[in-house]
Amino acid sequence: MREIVVDTRDFEPPAPMQMVLSELQSMLEGESFIHQIHRIEPINLFNRLKPMGIAYHVKKEGDIYHIYYFYPQDEKRVMEIVGV
């Protein structure tokens, strides 16, 4: 499974949301997931993803958030890959 990394730590809103939404177009069920590295928890983006049927998981390490976006059917596999 391919991990698409989107590091948005150095960008101001709304760029991080736009970057993730753009990458979601290339995310394929069973083949890839998105890993966003960010300095805050992007609640507004989470609210937009629910109607789209995209699941996510947040892991915080120090001051950095690692957010994983995936199709719900891929959750088990993605969690194994990211060590959750």
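Is tyrosine 56 buried, exposed or partly exposed, and what is its relative accessible area? Tyrosine 56 is partly exposed, at a relative accessible area of 30%. Please keep in mind that this is a predicted model.

Since phenylalanine 33 belongs to strand β2 and tyrosine 68 to strand β4, the pair ties together parts that are 35 residues apart in sequence. Both phenylalanine 33 and tyrosine 68 are buried.

Tyrosine 56 is in the stacked pair, with phenylalanine 46 as its partner; here the figures are 3.9 Å centre to centre and 10° between the planes. Phenylalanine 46 sits in helix α2 and tyrosine 56 in strand β3, so this pair ties together parts ten residues apart in sequence. Phenylalanine 46 is buried, with a relative accessible area of 3%.

Now to the helices. Helix α1 covers residues 15-24, and its buried residues are Pro16, Met17, Val20, Leu21 and Leu24. Viewed down the axis of α1, they fall within an arc of 130°, so they line one face of the helix. They pack against β1, β2, α2 and β4.

Helix α3, residues 75-82, has Val78, Met79 and Val82 buried. Their arc, seen down the axis of α3, is within 100°, so they too line one face of the helix. Lys76 and Glu80, on the other side of α3, are exposed. The buried residues of α3 pack against β2, β3 and β4. After α3 comes glycine 83, with a positive phi near 75°.

Definitions and conventions
Residues numbered from 1 in each chain as written. Predicted model: local features only at pLDDT ≥ 70, side-chain atom pairs only at ≥ 80, totals over all residues. Heavy atoms only, no water. Buried < 20%, exposed > 50% of the residue type's maximum accessible area, 1.4 Å probe, protein only. Helix = DSSP H or I, 4+ residues; strand = E, 2+ residues; numbered from the N terminus. Arc of directions from axis to C-beta. Contact = heavy atoms within 4.5 Å. Phe/Tyr/Trp six-rings, centres within 6.5 Å; stacked < 30°, edge-to-face > 60°.
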